[in-house]
Amino acid sequence: MTTINSNIDFKLEHNATGQLQFTDSDGAVFDGINLVRAFPISAPDEGLSIISQQGHELAWIPSLMDMPAQIKSLIEAELLQREFMPVIQRINQVSSFATPSIWDVTTDKGNTKLTLKAEDQIWRLKNNRLLITDKNGVNFMVNNIEQLDKHSRKLLDRFL
Amino acid sequence: MLNVVNSATVNSKILPPIPSSRLLPNFWQSIVESHLENAEELKAWLEINLDEQLHFTEHLLLITNRRLVYFCPVRTHADISDISVHEYAYRPALKLAQHDHAGVYRLDLFEHHLRIASWRYTVINDSSSARFIKQFEQLCASFVTGNPVPVEATEPCPKCRYPLTAEQDECPQCSSEIDAPPSTWTLFRLWRFAKPYQWQLLAGFLLMLASTAATLVPPYLTIPLMDKVLIPYQNGIPIDTDLVALLLGGLLGSALLAWGLGWSKTYILALVSERIGADLRTITYDHLLKLSLEYFGGKRTGDLMARIGSESDRICVFLSLHLLDFATDVLMIIMTAAILVSINPELALVTLLPLPFIAWMIHIVRDKLRTGFEKIDRVWSEVSNVLADTIPGIRVVKAFAQEARESSRFREANQHNLAVNDRINKIWSLFSPSVTLLTEIGLLLVWAFGIWQISKDEISVGILTAFLAYISRFYTRLDSMSRIVSVTQKAASGAKRIFDILDHVSSVPEPSNPVHLDKVSGKIEIRSAGFRYGNRSVIKDLNLTIEPGEMIGLVGHSGSGKSTLVNLMCRFYDVSAGSISLDGVNIRSLPISEYRRNIGLVLQEPFLFFGSIAENIAYGKPEATRAEIIAAARAAHAHEFILRLPHGYDSLVGERGHGLSGGERQRISIARALLIDPRILILDEATASVDTETEKEIQKALDNLVHGRTTIAIAHRLSTLHKANRLVVMDRGQIVEVGNHDELMASEGAYYRLYQAQARNVDTDLDDVTSDEIIANKEASA
């Protein structure tokens, strides 16, 4: 069990079940808390909120970078378990150019298939980034269209 | 932990029909078999596709009648070298729990509140994991207690007869079909709509044959015109005027015949296709109206409108124009080829030789163009999206002085449109000159070979001219023929989108043996009702009996399940567990429209249809007399303000009811509910969106409405529920307190605190009182 005490007025630790436990400045203990990034796409390291099981904010962390190393690593480990946004590195194959279409993709998390329900599930973000939401609600990211290989770009182009 | 059974026992093991929809993947089949013990039955399995670092890897979780087994590949380098097996024998304190976040599901195995294992996966089949957990619980309980697993009542999927469990509202077999990309074969399903018109279609087809044949006569007549008239004249023989008159008459006659036949063919077929399109639209719309609220919740209005409107139109145009043209062209090419071969096989061969080549070239260019045109379609929707955003929100744009920003947004979208168009125009502009060039080259070949044959006296000049006349006709048709590929694909995807609606079976089905209630007294009983939205439990084990004529106030913070409960009572959704009955009859066995006729619904946002005020009031009872309408309006305290309008009851109101205030619209919707004289009245936050003064007016109207009816009222402001016989306090899908105002105040529970909070500050919402307090209180009172 790791306990962290710092200049911040709350405590964050793992409880017996392995879940994160939050203790506020008054000593009230909260189990089953959630860590939520305020800007998961545009500024992942800025603004992080600790939310209770009931959905109320317990603490606000303006910048993850300013946190003491221990808390930072604890939060990052938890977020790693919670956040799932595979980055598409290559589109190997698509089942059809008409939606719904099943894409065979290589991501930083390995090979997988995703089902694109409609073209409007592809969101254009700034700087040539794309956010693709598949049928099951999993978000896939394309960091830069220009940096994809020619084959992937050609396939992707048919949907943009 | 590891438990490997001798492979000699494999044969004696029973691998029962797996209760999951799919078969165990081959990869796992042998591994699983070798790990099962004698007489151990495989009950269910779940593919786990993420490892601890959330990388995509194949794992398998399965349950037997004795234990939970987890198979995990151990990776060394690139190859899977080994499979590690973890087993968890059933014991009393084991519990599975599922969480989900952003598409990733986590399954935790707890023993006495201690997490002993955790698996993650992206969901492949939503209901399968919920079923897996349920089966685990049942098997574990049965193993510990020794009681057999309760047999679940299953009803087959209405479409494919696949047995469904209680939690599955969509058949896994049928729903997977929806994911399949559109196929051209979908178009054949349109036959269902074409069948009523089969005789007209046959007549159209015969006319098509005849008219195509008629168009092929004139070139044939050029042969005698050349060989018997013009060439002999050049050689000094005078023109035979009778023959010329005959030939020219033939030309005119065949042209007139082709005109008449072509006209009647196009007319008949266009008539039929237009009817098919109309039938398709009406049937789809009728089916759409029957679908449950659940379906509409997941769809965008614009998308559904497009499907019924423009997609059916696209199919109609495809049938009446493209398919017709294509069939005519194919007929013409076959007939021409036959005529050419019959005149001179050698020249015919040379003439037809370039045909496949030209067709292929055109196809290639078309293919390039098609992707470009699809792109233009999407860019267009981008442009119109900017408009759709800005025009309804024009007040906000102006208020924040952001006209310049919206203008630049539009300019940007337009610029994108321009760029895409520029690119496609490059190919497009090249296209028709290229087709012309290819046609010319083809003609050149025919000229060259024809001259060579004439020089050898194999054919006459007349035959060459006839050939040239024939082929220049169908070379030009090749271009339009090549279009068939893309229009067929478009029509197929349109047909698929329409059949998606038609294939969707309502999750609120009509009863097969309907029960009719003559006189409804209005007693509602809810017995251990449960409702899941996806895999989220919204209502849990809820029991409530409402006596005829009783008024119930539903209280609770937003998300506590009040509106869901009301939706269940209206049967917009069906309960996933338990039952709701009216006068002792399960509402699932009553015909839907007959049941709903007993319910008057007043919503927070009153919806007025385009039409007069009188029509809007009489919406639920179109045959109502004027006197009835006025009586309802009077009772709803709407009569006076309606009379102040320039056209009284005939004043037109739009969908947003322009010109009417929120309170006025609400009173019209109350009059609408009053007019049908329902036994059950449901008020869903009827006074939430109006000010206190108006609320008093509406309250008076509501008091008239409530009188003598079973009423269920949802309200944020507790003061509006002062007339309620009982107040029901809900939290997280459960009832936490029931009683009248005085009782609940005396018990100083959750309601007491809500009331106190509102008394301090009139505008306090229930949401401001945390649900923790309600829970804390519930535990204290228990």
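This report describes selected features of chain B in a predicted model.

## Basis of the model

The model is predicted, and local features need pLDDT of at least 70, side-chain atom pairs count only at pLDDT 80 or more, and totals for chains, interfaces and linings use all residues. Residues are numbered from 1 along each chain as its sequence is written, while chains are lettered from A and ligands numbered from 1 in the order in which they are written.

## Chain B overall

Chain B contains 24 helices and 21 strands; helices (H or I, at least four residues) and strands (E, at least two) are DSSP runs numbered from the N terminus. Of its 782 residues, 29% are buried. A residue is buried if 20 or more other C-beta atoms, placed from the backbone, lie within 10 Å of its own, exposed if 12 or fewer, and partly exposed in between.

Two residues are in contact if their C-beta atoms, placed from the backbone, lie within 7 Å. Among contacts in chain B between residues at least 6 apart in sequence, 71% join residues at least 24 apart.

## Helix 5

Helix 5 of chain B comprises 18 residues, 198-215, and should span 26 Å at 1.5 Å a residue; its end C-alpha atoms are 26 Å apart, in agreement. The expected span is 1.5 Å times one less than the number of residues.

The buried residues of helix 5 of chain B are B:G204, B:L207, B:M208, B:S211, B:T212 and B:T215. They cover an arc of only 135 degrees around the axis and therefore lie on the same side of helix 5 of chain B, the arc being that of the directions from the helix axis to the C-beta atoms. On the other side, B:Q198, B:W199, B:L202 and B:L206 are exposed.

## Packing of helices 20 and 21

In chain B, helix 20 (residues 662-675) and helix 21 (residues 692-706) pack at an angle of about 0 degrees, with their axes 10 Å apart. Axes are lines fitted to C-alpha atoms, for helices over the stretch in contact, and angles run from 0 to 180 degrees between N-to-C directions. The two helices are therefore roughly parallel to each other, a term for angles under 35 degrees.

Residues including B:I670 and B:L674 in helix 20 of chain B meet residues including B:I698 and B:L705 in helix 21 of chain B.

## Positive phi angles

B:S528, although not a glycine, has a positive phi of about 30 degrees. B:S528 lies in strand 10 (residues 524-533) of chain B and counts as exposed because it has 12 C-beta neighbours inside 10 Å.

B:R571, also not a glycine, has a positive phi of about 60 degrees. B:R571 is in the loop between helix 15 (562-569) and strand 13 (577-582) of chain B, and its 20 C-beta neighbours inside 10 Å make B:R571 count as buried.

Note on methods. Parallel < 35°, antiparallel > 145°, perpendicular 65-115°, else oblique.
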